Amino acid sequence: KELTKKAQIYLSIQSFFLTALFFKFDDIRKLIENNSHLKFTYIFSLLLLFVSLLLTVISLGIFSYKSAAGPNEIFESFGEVPPADTDFFDDRMAEYAYATEHNEKINDRIAKSLVFAIGALLVGFTSSLIFLIQIIL
């Protein structure tokens with residue numbers, strides 16, 4: 001849940017910056033038409049913000065998480081004779097260990113994607129600020 005909340009925050013910030021850069025596109029185009037340095041900075045900013053957006057959307061994808069068996073599955077697996085307590089608890093521990101390990105790998109991939117997304121967002125934001133400073137000066 002925490003990773004999803006982070007991704008949603010990143011998505012809001014990315015949307016804000018991309019909207020700001022596209023909203024004034026005609027005005028910006030007039031300013032950068034004859035200046036290749038400004039054009040490069042603007043395109044670089046947009047590219048990084050799009051990469052950040054793409055990585056965030058990928059991290060919000062639907063992933064297949066594992067969970068331990070539910071009560072109905074457990075009771076159905078007993079057969080005619082229920083297992084001994086130690087066998088029962090060993091099976092449950094194995095299920096939880098497998099589910100935890102599998103889900104941990106998925107969460108690690110999501111976290112890495114968000115780390116790269118925030119990096120691209122920060123560099124894109126910095127590039128946008130440099131672009132605005134160049135226009136002002």
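**Salt bridges in the predicted model**

Lys-24 has a relative accessible area of 41% and is therefore partly exposed. In this predicted model, the side chain of Lys-24 forms a salt bridge with that of Asp-27, at an N to O distance of 3.5 Å. Asp-27 is likewise assigned to the partly exposed class, because its relative accessibility is 39%. Side chains of opposite charge can pair when their charged atoms come close.

A further pair is found in helix 2, which spans residues 25-32. Here the side chains of Arg-29 and Asp-26 meet in a salt bridge, with 3.8 Å from N to O. The two residues are three positions apart, a spacing of about one turn of the helix. Arg-29, with a relative accessible area of 38%, is partly exposed; Asp-26, at 48%, also counts as partly exposed.

Helix 5, covering residues 85-136, holds the pair Glu-95 and Arg-92. Is Arg-92 buried or exposed? Arg-92 has a relative accessibility of 15% and so counts as buried, since the cut-off for that class is under 20%. Glu-95, by contrast, has a relative accessible area of 24% and is partly exposed.

Conventions. Residues numbered from 1 in each chain as written. Predicted model: local features only at pLDDT ≥ 70, side-chain atom pairs only at ≥ 80, totals over all residues. Heavy atoms only, no water. Salt bridge = Lys/Arg side-chain N within 4 Å of Asp/Glu carboxyl O. Buried < 20%, exposed > 50% of the residue type's maximum accessible area, 1.4 Å probe, protein only. Helix = DSSP H or I, 4+ residues; strand = E, 2+ residues; numbered from the N terminus.
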